[in-house]
Amino acid sequence: MKFTKLLTSAAVALGLATTAMADTTKVGFVYVGPVGDGGWTYEHDKGRLAVEEAFGDKVETTFVESVPEGADAERVITQMALQGADLIFTTSFGYMDPTINVAKKFPKVKFEHATGYKQADNVSVYSARFYEGRAVQGHIAGKMTKTNKIGYIASFPIPEVIRGINSAYIHAKKVNPDVEFSIIWAYTWFDPAKEADAAKALIEQGADVILQHTDSTAPQAAAQAAGNVVTFGQASDMGEYAPFPRVSSIIDDWAPYYVARTQAVMDGTWESVSTWDGIGAGMVGIGEISDAVPADVKAEALALVDALADGSYHAFTGPLNKQDGTPWLAEGETAQDYGDDGLAGMNFYLEGITAEIPN
Amino acid sequence: MDLSAINPVLLIASLMVAATPLLLAAIGELVVERAGVLNLGVEGMMIIGAIAGFAIAVETTSPMVGLVAAMIAGAVLSLLFAFLTQFALANQVASGLALTLFGLGLSALMGQSYVGIKPPAMAKLDIPVLSDIPVLGPILFSHDPVLYIGISLTAAVWWFLKKSRGGLILRAVGESHDAAHALGYNVIRVRILAIMFGGACAGLGGAYISLIRVPQWTEGMTAGVGWIALALVVFASWKPWRVLLGAYLFGGINVLQLNLQAAGIAIPVEYLAMSPYLITILVLVIMSADKSGAPASLGRTFHASQ
């Protein structure tokens with residue numbers, strides 16, 4: 001008797017809980033690294049916290065961190081959808097197919113996939129024009145290198161990363177024709193020990209500027225130990241390494257977008273869109289350029305930031321050739337976002353880079 | 001392609017650094033497994049060692065104290081595993097996995113206020129005259145002390161298992177705990193001591209990453225080294241020197257492939273990236289052709305009444 005009573009009250013409580021929950025919007029986040037990585041995932045989680053702050057009790061957020069890209073991701077996303085999420089942000093390129101697969105099974109749930117290119121009726125894609133930030137980094141790097149050797153720690157050979165390498169390269173080359181890029185593919189977004197090893201390998205081979213497209217602050221620490229190597233914060237400000245070795249950074253600011261999209265779900269106005277914002281819209285921030293950068297270089301870099309922000313300058317402006325010498329952009333022409341040879345699917349290096357892109 | 005950009009001396013020196021956390025964790029797990037216990041919690045104990053060592057080193061400004069704290073932390077966490085498997089007779093595989101999950105979670109919690117802090121630097125053991133010898137100096141005589149501890153630990157474990165009475169007892173417990181029990185040895189005590197040794201080694205390996213190799217604290221920073229250590233013990237046929245060889249191979253090829261990439265050598269990156277795993281497995285599999293198998297009681301639960 002007692003037991004049945006217990007069960008009944010539990011059922012009642014559960015019922016109450018569900019009704020109480022009915023008018024809250026559930027937002028789920030899937031992260032590729034830990035929230036404390038100090039980089040990519042850290043910034044996405046800041047966006048999540050901004051959503052909580054903006055809507056208070058009306059929203060309930062959940063997240064799962066360190067989710068491997070691939071089959072595991074599909075399981076995690078499915079679970080979130082089953083638990084009643086109304087909106088799910090999947091925040092890494094490798095979640096693209098898992099997101100699309102799960103979205104088919106849950107047509108009423110809204111999905112937002114970061115940095116991908118596959119859209120569906122209930123899947124939006126959003127990304128930031130990080131390559132604009134890379135242009136600024138390339139400019140500073142080209143001016144500051146003394147060995148003319150710039151090391152680049154890349155993660156996976158996907159368009160987003162390749163765009164970054166190209167953008168940094170052409171802007172470094174513009175101010176310093178002797179500059180060379182050494183590129184290491186770490187095949188990971190987050191592995192501090194490996195990132196540190198990669199940075200050390202580049203430094204030992206004479207690189208005195210390190211750009212990174214991996215998420216931890218380990219390369220910053222390696223550069224600091226070396227003493228005379230310049231770095232840039234990636235995804236997050238990484239300000240604890242300022243003013244040197246970190247002389248500037250690219251900061252991802254997802255908060256306004258996350259708040260806006262959550263609002264859209266609440267209002268019932270959510271539609272599948274493709275968002276790709278840069279410095280102008282505030283999705284890409286340039287972290288403070290420290291005093292370790294000479295004043296004239298800093299002024300040039302800030303002017304570049306302004307030109308990119310107001311649209312008077314495009315980071316990929318011709319004449320530019322592909323690596324094999326075939327023309328890509330004519331004099332004064334700017335790159336298209338989509339289509340053949342568009343930025344979204346960029347899978348080629350530009351002329352002057354000596355390495356090859358892994359398949 | 002510019003191979004001359006790679007400095008072989010610096011390369012060897014940095015591969016030794018890259019191999020050390022793996023070596024420490026694997027040599028500890030080797031002793032645990034030779035005592036007949038399969039502890040899959042290496043990753044969890046490493047990460048706890050990484051944060052405990054880091055936190056204590058920052059608070060006391062002494063990296064040495066931090067390293068000792070890391071060993072204690074690893075050993076304490078392993079006691080939890082020891083309690084579950086030796087007294088509560090829980091399944092070792094499940095308990096080990098639980099230990100890893102617990103360690104990862106707890107370390108993230110403990111480390112929240114340590115993100116972005118720089119630890120006190122560990123002085124290198126620059127031996128005055130010896131470290132100035134060209135080539136040999138930077139390779140052999142100018143590392144941090146822990147690297148030497150790793151190598152001497154390998155020698156000590158080899159000697160202990162092979163030559164000492166204590167090692168004989170430990171191996172007996174690992175091969176047949178019933179026979180060892182019948183001979184009057186305290187199986188549980190031997191195993192608990194082995195588990196704690198394994199925990200201390202894993203903790204030290206973790207702290208090596210957070211204090212010396214990287215050096216900083218980031219959540220989840222061991223990134224799978226514990227799992228590689230587990231695999232290494234198996235591929236090394238539970239033999240200490242092979243663990244050393246395997247760890248240096250793995251660490252070495254990893255560093256080498258990064259260097260080759262940086263030098264822009266024309267080998268496809270995909271092959272370079274998988275080479276550490278492939279070559280280490282290949283070499284150790286060929287070496288283990290002598291059919292030395294796993295300890296016979298590995299992973300089996302012991303209770304005196306059974």
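β8(A) (residues 209–212), helix α8(A) (residues 218–226) and β9(A) make a right-handed β-α-β unit; right-handed here means that, with the strands pointing away from the viewer, the path from the first strand over the helix to the second runs clockwise. Helices (H or I, at least four residues) and strands (E, at least two) are DSSP runs, numbered from the N terminus. This is a predicted model, in which local features need pLDDT of at least 70 and side-chain atom pairs count only at pLDDT 80 or more, while totals for chains, interfaces and linings use all residues. Residues are numbered from 1 along each chain as its sequence is written, and chains are lettered from A and ligands numbered from 1 in the order in which they are written.

**Confidence**

- The model comes with an ipTM of 0.79 and a pTM of 0.81.
- For chain B the average pLDDT is 88, and 96% of the residues score at least 70; pLDDT is the predictor's confidence in each residue, from 0 to 100.
- A friendly reminder: where pLDDT is low, the predicted coordinates should not be read in detail.

**Strands around β9 of chain A**

- β8(A) and β9(A) run parallel and are joined by two bridges; strands count as paired if DSSP finds at least two bridges between them.
- On its other pairing, β9(A) meets β10(A), again in the parallel sense, over three bridges.
- A:T231 of β9(A) is the bridge partner of A:I210, and A:T231 also has A:R246 as its bridge partner in β10(A).
- Both faces of β9(A) are covered, with A:V230 and A:F232 buried on one side and A:T231 and A:G233 buried on the other. A residue is buried if 20 or more other C-beta atoms lie within 10 Å of its own, exposed if 12 or fewer, and partly exposed in between, with C-beta atoms placed from the backbone.
- In a regular strand the side chains alternate between the two faces of the sheet.

**Backbone details to look at**

- Most residues other than glycine have a negative phi, and most peptide bonds are trans.
- The loop between β9 (230–233) and β10 (246–252) of chain A holds A:P245, and the peptide bond joining A:F244 to A:P245 is cis, with omega about 10°.
- A:M238 lies in the loop between β9 and β10 of chain A and has a positive phi, near 55°. A:M238 is buried, with 27 other C-beta atoms within 10 Å.
- Another cis peptide bond runs from A:G318 to A:P319, with omega near 5°; A:P319 is in the loop between α10 (295–310) and β13 (320–321) of chain A.
- In chain B, B:W238 has a positive phi near 60° and sits in the loop between α10 (225–235) and α11 (240–262). B:W238 is buried, having 23 other C-beta atoms within 10 Å.

**Two buried residues of chain A**

- A:H171 is placed in helix α6 (residues 159–175) of chain A and counts as buried, with 24 C-beta neighbours inside 10 Å.
- Leaving aside neighbours within four places in sequence, A:H171 is in contact with A:A135, A:G138, A:H139 and A:G142; two residues are in contact if their C-beta atoms, placed from the backbone, lie within 7 Å.
- A:V109 is in the loop between α4 (96–105) and β4 (110–114) of chain A and is buried, with 22 C-beta neighbours inside 10 Å.
- Not counting residues up to four places away in sequence, A:V109 touches A:A81, A:A85, A:D86, A:I88 and A:N122. The C-alpha atoms of A:V109 and A:L82, 27 residues apart along the chain, are separated by 9.7 Å.

**Helices of chain B**

- Helix α4(B) (residues 92–110) has 19 residues and reaches 26 Å from its first C-alpha to its last, close to the 27 Å expected at 1.5 Å a residue; the expected span is 1.5 Å times one less than the number of residues.
- The buried residues of α4(B), among them B:L99, B:G103 and B:L104, pack against α2 (42–60) and α3 (63–87) of chain B.
- In helix α7(B) (residues 165–175), the buried residues are B:L170, B:A172, B:V173 and B:G174. Their cover includes α1 (8–34), α6 (145–163), α8 (177–182) and α9 (187–213) of chain B.

**Where the chains meet**

- 30 residues of chain A are in contact with 33 residues of chain B.
- On the side of chain A that touches chain B, β7 (180–185), α7 (192–204) and α8 of chain A each supply at least two residues. The largest share, nine residues, comes from α7(A).
- That side of chain A divides into 14 nonpolar, 10 polar and six charged residues. Ala, Val, Leu, Ile, Met, Phe, Trp, Tyr, Cys and Pro count as nonpolar, Asp, Glu, Lys and Arg as charged, and the others, Gly among them, as polar.
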